[in-house]
Amino acid sequence: MQNTARKVDAVVQTSPRGKEHLERKLKTRHLTMIAIGGTIGTGLFLASGATIHDAGPGGALAAYMIAGIMVYFLMTSLAEMAALIPISGSFSTYSARFVDPALGFAVGWNYWYNNAIILALELSASALIMKYWFPNTPGIVWSASFLAIIFALNILSVKGYGEAEFWFSLIKVVTIIVFIAIGLLMIFGIMSGHTGGFENFTKGEAPFKGGLFAIFSVFMVVGFAFQGTEMVGVAAGESENPERDMPRSIKQIFWRILLFYVLAIFVIGALISYKDPNLLGGDLENIAVSPFTLVFKHAGFAFAAAAMNAVILTSVLSAGNSSLYVGSRVLWTLAEEGKAPKFLKKVNKGGVPVNAIYLTTLVGMLCFLTSLFGDGTVYNWLLNAAGLAGYLSWLAISITHYRFRKAYKAQGRDMKDLPYVAKWFPLGPILATALCLVAMLGTNYGAFIGDKIDWYGIAVSYIGLPLFILGYLSYKITKKSKMVPLQECDFSRE
């Protein structure tokens, strides 16, 4: 087995067959921040207020904890596979090796589409955020400017991307830590701005407004907020030491993200009543009433809105930066495996898949539709388009890991040789699969209830599902692929 612990000296690695590879330049701190940067964003800074409003502070906490359990098992499953077989493109390759090449094809293109759409989504969001300071400047100016910055960070080198993501994410982490610290000081009466105590957890219907059904209703939103943690698995192929870095990063990422989310929700629930109408008003066009801004204002920070606007802007750029990186690597891997056009395999002297970046950037230019249809309209279109794709990727991870472990044992391999062993197998992937299906199928359950079925809502929310099935069936029929027998599953690193 290749020793990946040593630092790779060549910028572009070449196999004996002359095949180019991506370089291994990402350190543990980069991997950790890539996942944090891809996960913590507007789902926490803005949408968290709505979950408390709809399910109460206790219901929101329960939903975040359930989603956290699902994500934990998904990430440990991914860590076990990625530590043994670190490949850029990650779980699309694993799905092809351990389940069915048709599934790998569908998962890879679905995940690329998801990240390309998220890139456009975040660029549209950046235009909305900049209106706070420059209300009269056309949104397309900001979208184009930030796209150019993100493109430059990705095209230069993987290390440049990793460094940018490290600092983008650090801003968010510091903001959340400061927010939690100030919030706790206010709750315990040490800092002015709140009467102190936990009255908001017992007033009215609190802590569980609406009961179990309300927790279920916000679980889908909460699950979407966690999406992005899987990005670290895609980055495994460019990690200096994946056997060491992947398990360490994923374990750190899970607990940090869970603590950030749970403690932040706890602080918001204690300081702001679930009845406060402002909790429903926090969005990209009204950051002044986001839960974070409101708490900072109560603490006496007059500049809270402007500061949070800047933080959310860096959060959006971080997510866009990660989406271009991940999307291009998945596309490059698909081309390497013959599941995408060959020209996408091109790697420059810096070890960067340039053509894959170009194509992903072109899809990101969907954000320029804001000049035709309005900033908020395009943002909502893209948000709906990206919603289901992330859950499909998670579902593939849990199913693939189940087959991975079965194949590993069927081939008589020693569990001691695994760099990292996921705990609670097979309960973990089975539970993650069940929760994933619940979240995925219930993404817009509201469209099915009521006096009239909302066919438009169903179409925009679930469009990714028929596209995924179409991709799977088209590959299976044209290539006549079959499920890979356990004895024939490929555990090679290259």
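Buried means under 20% relative accessible area, exposed over 50%, and partly exposed in between, with a 1.4 Å probe and protein chains only. This is a predicted model, where local features need pLDDT of at least 70 and side-chain atom pairs count only at pLDDT 80 or more, while totals for chains, interfaces and linings use all residues. Residues are numbered from 1 along each chain as its sequence is written, and side-chain values use heavy atoms, leaving out hydrogens and water.

**View 1. Two buried cysteines, Cys 436 and Cys 489.** Let's start with Cys 489, which counts as buried because its relative accessibility is 4%. Cys 436 is buried too, at 0%. The structure holds 0 disulfides (pairs of cysteine sulfur atoms within 2.5 Å).

**View 2. A salt bridge between Arg 405 and Glu 80.** Here the closest N and O atoms are 2.7 Å apart; a salt bridge is a side-chain nitrogen of Lys or Arg within 4 Å of a carboxyl oxygen of Asp or Glu. Arg 405 sits in helix α15 (residues 375-410) and Glu 80 in helix α3 (residues 48-84), so the pair ties together parts that are 325 residues apart in sequence. Both Arg 405 and Glu 80 are buried. Helices (H or I, at least four residues) and strands (E, at least two) are DSSP runs, numbered from the N terminus.

**View 3. Arg 97 and Asp 490 form a salt bridge.** Their closest N and O atoms lie 3.9 Å apart. Because Arg 97 belongs to helix α4 (residues 91-98) and Asp 490 to the segment after α18, this pair ties together parts that are 393 residues apart in sequence. Arg 97 is buried, with a relative accessible area of 13%, whereas Asp 490 is partly exposed at 34%.

**View 4. A salt bridge joins Glu 337 and Lys 339.** In this pair the closest N and O atoms are 3.3 Å apart. Glu 337 is partly exposed at 31% relative accessibility, while Lys 339 is buried at 10%.

View 5. pLDDT is the predictor's confidence in each residue, from 0 to 100. Over residues 1-19 pLDDT stays under 50, and the model has 41 contacts beyond four places in sequence for them (contact means heavy atoms within 4.5 Å). Please take care with such views: where pLDDT is low, the predicted coordinates should not be read in detail.
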